[in-house]
Amino acid sequence: MKPGLAIQPWGNYSLALAASVECLRVEPWTQRSTTPETLRLGVEASPEFACLSFKACTGHFIQAAQAGIRYGVMVNSRGTCRLRYYREIQQKILKERGLDLFIFGLGYDGIKPPLIRHFDPDPIPFLQCCARAQQKTLAVDALERETWRVRAVERRPGDATRLLNECLADLDRARSVPEIRACVRTFKPRFAAVPIDETRVPLRIGLLGEATLLRDRYLNHNLEEILGGLGAEVRNFFLLGDEMRNIFRIGLFSRNSRWRLKRLARPYLENLVGGHALDSVAHAIRCAQEGFDGVVHVAPAGCMPEVSVRPILRRLSQDLDLPILECSFDEHASHVGVVTRLEAFASMLRERQEKKPRKRP
Amino acid sequence: MRTFIASFFRRNRPGRQRPIGLPRALHPHLQPGLWEAFFAALGVPVVLSAPTTRATLERAELISETEHCLPVKLLDAHLEELAGRVDRVFVPRILSLHRGFISCPKLAALPDAVRAQFRGRFEVVTADVDENRRPLEQTLAELGRALGFAPAESAAAARQALAAAAPPAAPPADSGRRRYLLIGHPYNLADAYLADPIVRKLEELGVAVERLPAGPPRGAPAPLRWDTSAHMLEALRARDPARCAGVIQLTSFNCGCDSMAGPYYRETLKAAGIPFMALTLDAHAALAGLDTRLEAFVESIAGRA
């Protein structure tokens, strides 16, 4: 039997991450969104003031350990944010509870990352596997974009989400790069077949903030679907494909490169701060430039980088006449409360739109 | 480079000796005495905000971002108090205070956040304090030039400020008694309104208490890279259980650094067999609640011995 490897869940990208470890001859253990049980375990074990992302991730590893998984993998950032310490503290927590799960970091200490050294895959299958994972990441990006667009104007509520899930299942089954490409080619016609209401003018809302919360449907109380149901075409500014390019510093000329974002944010923020704080500020400015109706800023309660730029977002909202809804989530956030706030926000945006239609690019 | 060239044109700019406001919160506590000495050496009058009081705390709750930690909220209240009195304030961007270490990420956005919040009420003078990139002396000299002083003047002021900055206080004479150690970030420990009632209460209970002085972490930046947290962890590792009766950590609500460093403190002290208690400060801290917890802590330790 292949040993299991617990991978940090990251929304729909979990399936791409799972694909990336196939060549290590392990069984990936992940989930597409946190579950209430996962979060409960995580909250119980974590330090009180740790952020929601930490708690969810810790819960995930505890569950994995209880299911008999021996290994896990977790990013370890080199940044200023708390993320730097996640892996070590999670390891401590697991040890204290007598759970035997070793978490590999994704950093380098030597030539190979420790994970690769341990499982020692053959180079060619490994590279093939990386290519598959990258293709799947881009495929998920494409799927997300289609879903945002269709969900806001679908005639039968739920069509887009259903189709998204079907497509994701197909994508998960694809085993080679040509298969993945073939799968991606079916997305466009399938989404085009969804009956839509062409008379409806969707609101355009940007979602920005902390990455895990933007992607995890359970942690963010299904923001994308709620807003879509309210007739808003969302754009989630965290797409892993774009982020990969930034991490590997190859997208120097892409629209989302750090360098571009830095230049965009300069009048308001002159430092990277850490996490995705700079991205939040820069993307909010971009939303205003591109004529978005509003922005929802999503962060776990007490998130160090995101909270520290909130005063800047508030100023920016006034200067650029861009409504920004600040949503902080912790384990006590009530679903009904979130829905009510979003409904109020959407109806306020609708009113603004009727009074003064924004120019659309 | 740009500031360097600009400094030739701005030299002797009128108004370069306009008074500058310095809040009595956050950064002056991280580098005690440094900024006052620097501006004094340049001949710029410094206007300090009044010490924290109950009113400052209440004001902070009203005007500041709700999810900030207490020290950042207090900074906002102190700055607001300065707003009517000066037309410029100094808020540095603290990225790292000691080589090899980094500072809390919240401090990296401060000047921009302050500018956003108080726009039109005062000008924000800032400098990037990043020991990993350039030494403090150079940072100070550049700040002097940016303020319109000649390079030589600025460099001299930088040297004077570094010489005058308060050296770390010597540990109190050893009386042989077991002492309690109060740890926390310097800006919490140095704020008389926040920390003094706790020290007073402990003294009333008849125990000796020592405040951890601010200082550079000496060892390698592992496992913690945040400077103030690493300093605390080092102090705890060096503690001798025969001399230390217990450790009380003063943390502020929503402190990100402490949420991650807490497990390390706890682990270290557990291994050494030293009792540990964390007291969380927020704007609602009622003294009676703190008193009860301190009494219980001290009594339970007295019972142990």
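How many residues of domain 1 of chain B are in contact with domain 2 of chain B, and how many residues of domain 2 do they meet? In this predicted model, 23 residues of domain 1 of chain B are in contact with 24 residues of domain 2 of chain B. The predictor assigns the complex an ipTM of 0.91 and a pTM of 0.92.

**Domains of chain B**
- The domain assignment divides chain B into domain 1, covering 2–164, and domain 2, covering 179–304, and the C-alpha centres of these two domains lie 28 Å apart.
- On the side of domain 1 of chain B that touches domain 2 of chain B, at least two residues each come from α2 (27–30), α4 (54–63) and α5 (70–83) of chain B, with α4(B) giving the most, at 3 residues.
- Sorted by class, this side of domain 1 of chain B holds 14 nonpolar, 7 polar and 2 charged residues.

**Contact between chain A and chain B**
- Chain A brings 31 residues to the contact, while chain B brings 23 residues.
- The elements of chain A that give two or more residues to the side touching chain B are α4 (83–96), α14 (304–308) and α15 (310–320).
- By class, the side of chain A that touches chain B is made up of 17 nonpolar, 6 polar and 8 charged residues.

**Confidence**
- Chain B has a mean pLDDT of 89, with 91% of its residues reaching 70 or more.
- Where pLDDT is low, the predicted coordinates should not be read in detail.

How values were computed. Residues are numbered from 1 along each chain as its sequence is written. Chains are lettered from A and ligands numbered from 1 in the order in which they are written. This is a predicted model: local features need pLDDT of at least 70, side-chain atom pairs count only at pLDDT 80 or more; totals for chains, interfaces and linings use all residues. Two residues are in contact if their C-beta atoms, placed from the backbone, lie within 7 Å. Helices (H or I, at least four residues) and strands (E, at least two) are DSSP runs, numbered from the N terminus. Ala, Val, Leu, Ile, Met, Phe, Trp, Tyr, Cys and Pro count as nonpolar, Asp, Glu, Lys and Arg as charged, and the others, Gly among them, as polar. Domain bounds come from an automatic or database domain assignment. pLDDT is the predictor's confidence in each residue, from 0 to 100.
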